[in-house]
Amino acid sequence: TGSAQMAESTRQALMDEVQDPALRTQIMQLCEGVALADGHLAPGEANLLDAMIKAWRQPESAAV
């Protein structure tokens, strides 16, 4: 089953397991590369990438 058919709660639980920011960056780069490999970004691929960005967004630093 592709990620489009995966329950959102399951997908979120899997993303929550990845805590290392460097690993998160690497995973996102690899997923983006796979998603764009055929020259087309399908809606399910875009949804997965968006979910990763939202789940792993770094909080903005407070202005000093």
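Q: Which residues of helix α3 are buried in this predicted model?
A: In this predicted model, burial means a relative accessible area under 20%. Within α3, the residues that count as buried are Leu-49, Ala-51, Met-52 and Trp-56.

Q: Within what arc do the buried residues of α3 fall, seen down the axis of the helix?
A: The buried residues of α3 line one face of the helix, while the face turned away from the buried side carries the exposed residues Pro-43 and Lys-54. The buried residues are said to line one face because, in a view down the axis of α3, they fall within an arc of 155°.

Q: Against which helices do the buried residues of α3 pack?
A: Read along the sequence, the protein chain follows the pattern α-α-α, with three helices and zero strands in its secondary structure. The buried residues of α3 pack against α1 (8-16) and α2.

Q: Is Trp-56 buried or exposed, and what is its relative accessible area?
A: Trp-56 is found in helix α3 and, leaving aside neighbours within four places in sequence, is in contact with Met-15, Val-18, Arg-24, Ile-27 and Met-28. One of these residues, Met-28, lies 28 residues away along the chain, with 9.6 Å between the two C-alpha atoms. Because burial requires a value under 20%, Trp-56 counts as buried, with a relative accessible area of 8%.

Q: Which residues does Met-52 touch, not counting those up to four places away in sequence?
A: Met-52 is one of the buried residues of α3 and belongs to the largest nonpolar core. Not counting residues up to four places away in sequence, Met-52 touches Met-15, Ile-27, Met-28 and Cys-31.

Q: What distance separates the C-alpha atoms of Ala-51 and Arg-11?
A: Ala-51 lies in helix α3 and is buried, with a relative accessible area of 15%. Not counting residues up to four places away in sequence, Ala-51 touches Arg-11 and Met-15. Although Ala-51 and Arg-11 are 40 residues apart along the chain, their C-alpha atoms are separated by 8.8 Å.

Q: Which residues are in contact with Ala-35, leaving aside its neighbours within four places in sequence?
A: Ala-35 has its place in helix α2 and is buried, with a relative accessible area of 5%. In sequence, Ala-35 and Ala-46 are 11 residues apart, and 8.2 Å separates them in space, C-alpha to C-alpha. Leaving aside neighbours within four places in sequence, the residues in contact with Ala-35 are His-40, Leu-41, Glu-45 and Leu-49.

Q: How far apart are the end C-alpha atoms of helix α2?
A: Helix α2 (residues 21-36) has 16 residues, and at 1.5 Å a residue it should therefore span 22 Å. This expectation agrees with the model, in which the end C-alpha atoms of α2 are 22 Å apart.

Q: At the start of α2, which residue has a side-chain oxygen that reaches to the backbone nitrogen of Ala-22?
A: The backbone nitrogen of Ala-22 is approached at the start of α2 to within 3.0 Å by a side-chain oxygen. The residue that supplies this oxygen is Asp-20.

Terms used: Residues are numbered from 1 along each chain as its sequence is written. This is a predicted model: local features need pLDDT of at least 70, side-chain atom pairs count only at pLDDT 80 or more; totals for chains, interfaces and linings use all residues. Side-chain values use heavy atoms; hydrogens and water are left out. Helices (H or I, at least four residues) and strands (E, at least two) are DSSP runs, numbered from the N terminus. The expected span of a helix is 1.5 Å times one less than its number of residues. A polar contact is a pair of N or O atoms within 3.5 Å; within protein, one must be able to donate a hydrogen and the other to accept it, and residues adjacent in sequence count only if both atoms are side-chain atoms. A nonpolar core is a set of buried Ala, Val, Leu, Ile, Met, Phe, Trp, Tyr and Cys residues joined through side-chain atoms within 4.5 Å. Buried means under 20% relative accessible area, exposed over 50%, partly exposed in between (1.4 Å probe, protein chains only). Contact means heavy atoms within 4.5 Å. The arc is that of the directions from the helix axis to the C-beta atoms.
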